[in-house]
Amino acid sequence: MQKAENQILIIFGASGDLTKRKLIPALFELYKQNLLPDKFAVLGASRSTLSDDEFRKRADEFLPNNEKLDEFKKKLFYQAVQNNSAEDFKPLKSRLKEITESLGIEKNYIFYLSTPPSLYGIIPKFLTDNGLSTSNKYFRRLIVEKPFGTTLESAKELNIQLLNYFSENQIYRIDHYLGKETVQNMLVTRFSNGIFEPLWNRRYIDRIEITSAESLGVEGRGGYYDHSGALRDMLQNHLLQVVGFVAMEAPVVVEANAIRNEILKVFQSFRPIQENEVSRYVIRGQYTESKIGGQQVVGYRDEPGVDRFSRTETFVALKFFIDNWRWAGVPFYIRTGKKLPTRVTEIVIHFKNVPHNLFGTSSFEHSNNQLIIRIQPDEGILLKFGMKTPGAGFKAQTVNMDFHYSDLADTNVPAAYERLLLDCMQGDATLYARGDAVEAAWKFVQPILTAWETNPEIPIYGYPAGTWGPEDSDKLILHGQWRYPCKNLTNDGLYCEL
Ligand code: BG6
């Protein structure tokens, strides 16, 4: 792989959690694999006053001990920056100049916004005021962390603000689900095999189901989460992007615009859920206190930072349709939630049943073929199909054919942030969300949010922490049921090892 040009990554919000937990470790991984540019530096920026050494020490806590660590840490620098005026960015500008000159790095800059979202519009302005945003001889790129807006209107507003200072091809809106190897593999599974794509449409597919379950609760993020909820936190962004990959047409080439055009078309084809249809198509829930493995766990409303009368959903299940030639009439189901029995994200393609049942109903009732694409954990692919039960007569039973990424022993599966940072360094925006697609996703989700906000009579169901969410989410699926996944890809059912 060709190395990216020499450059500096400037992280705003450098004293925050994401920088410590994800960004610096991802950069260190890239460094160990010799994937960083030959000349490279990270300039952390935030309001706190820290020296380079103190910033490096903080990084230590999250990095594995390794012989390359000391060398890597020399690439880390820090600059305190206030965000009150363009004047406040002058020290940052001089620091950048000093680093580029002393290390002989070209003035290629990536600015990473990992700050509170209220600063997403302000920082780009101050960068522009200081002449730091225009790409000419050197590139200037801007990575924007989630959340990208909290409503359709605020997302549109943010796009307008950013586009005042950076052009669309300089803006990289991060969605870490697109950085997951297994999500990208969706495209390869679909478009590098002759056997799936001919079946990948309304003629052969009965329904598509996406589950993204987490066993953790809000984990100290109650203050943020209570203003967000599962629909904004997981579905509007991560899971709709996954739908984009599952449902899109083949792109003309594997290239940012070609792929992103196809994703946009999927989002534009979502059949809108009108406000008065929300209770029919969307089920929301909130976890209540319960006992998991003998341990008492608190309900959502008792989590720190959460309003004790909160009606924020920690679970959402949704049924919807994609009104286009390929998917007409095929229901899509998505569910996601916190404090569910296990952590798993997977896509289940349910194929239609055979037209005539030769082998007797009782033995064949579960035989509709399923293709399960496991995003995490036990990443892999599972195909379920009917086979003859050995012995007399003709009885059929469902068997599994499975592939697990762990079988690729010598292949390193990069973490999402490694892949995404490296792509941005190389100027490849394929796995970043484009502004128009983000707005189209918000357009679909907004009526649901509005209905919930304006119609308190739409129920929010309690579900005991550690269960699969409100029972009503089962009723969304008219025939059949959700697959109840287990930790291991090949197992399923309500009762399994978690
Ligand atoms: C984040 C959400 O974007 O994604 C979290 O804010 C959620 O609430 C997380 O836990 C899930 O990501 P992953 O990669 O652990 O599935």
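1. The side chain of Arg-221 has an N or O atom 2.8 Å from an oxygen atom of the ligand. For Tyr-177, the corresponding distance from a side-chain N or O atom to a ligand oxygen is 2.5 Å. For His-238 it is 2.7 Å, again between a ligand oxygen and an N or O atom of the side chain. Note that this is a predicted model, so these distances are computed from predicted coordinates.

2. UniProt, in an unreviewed entry, gives "binding site" at His-176, Lys-180, Glu-214, Asp-233 and Lys-338.

3. His-238 is the residue that UniProt lists under "active site", also in an unreviewed entry. His-238 sits in helix H9, which covers residues 230–247. Its relative accessibility is 2%, so His-238 counts as buried, the limit being under 20%. Beyond its neighbours within four places in sequence, His-238 contacts Lys-146, Asp-175, His-176, Tyr-177 and Asp-233.

4. Lys-338 is placed in the loop that runs between strand S12 (332–337) and strand S13 (344–351). Lys-338 is buried, at 5% relative accessible area. With residues up to four places away in sequence not counted, Lys-338 touches Glu-214, Leu-216, Gly-217, Val-218, Arg-221, Tyr-225, Asp-233, Tyr-287, Thr-314 and Tyr-463. With Glu-214 there is also a polar contact between side chains, at 2.9 Å.

5. Lys-180 belongs to the loop between strand S6 (171–173) and helix H7 (181–191). Is Lys-180 buried or exposed? Its relative accessible area is 14%, so Lys-180 is buried under the 20% limit. Neighbours within four places in sequence aside, the contacts of Lys-180 are Ile-375, Gln-376 and Ala-416.

6. Helix H4 spans residues 90–103, 14 residues in total. From its first C-alpha to its last, H4 reaches 20 Å, close to the 20 Å expected at 1.5 Å a residue. Just after H4, Gly-104 has a positive phi of about 65 degrees.

7. Which residues of H4 are buried? They are Leu-92, Arg-95, Leu-96, Ile-99 and Thr-100. Viewed down the axis of H4, these buried residues lie within an arc of 130 degrees, and therefore they line one face of the helix. In general, an α-helix has 3.6 residues a turn, so residues three or four places apart point the same way. Exposed residues Glu-101 and Ser-102 are carried on the face of H4 turned away from its buried side.

8. Lys-265 is part of helix H10, residues 256–269. Lys-265 is partly exposed, with a relative accessible area of 43%. A polar contact of 3.2 Å links the side chains of Lys-265 and Glu-262. Lys-265 and Lys-74 are 191 residues apart along the chain, and their C-alpha atoms are separated by 45 Å.

Definitions and conventions. Residues are numbered from 1 along each chain as its sequence is written. This is a predicted model: local features need pLDDT of at least 70, side-chain atom pairs count only at pLDDT 80 or more; totals for chains, interfaces and linings use all residues. Side-chain values use heavy atoms; hydrogens and water are left out. Helices (H or I, at least four residues) and strands (E, at least two) are DSSP runs, numbered from the N terminus. The expected span of a helix is 1.5 Å times one less than its number of residues. Buried means under 20% relative accessible area, exposed over 50%, partly exposed in between (1.4 Å probe, protein chains only). The arc is that of the directions from the helix axis to the C-beta atoms. UniProt positions are given in the numbering used here, feature names are shortened, and annotations may be inferred rather than shown by experiment. Contact means heavy atoms within 4.5 Å. A polar contact is a pair of N or O atoms within 3.5 Å; within protein, one must be able to donate a hydrogen and the other to accept it, and residues adjacent in sequence count only if both atoms are side-chain atoms.
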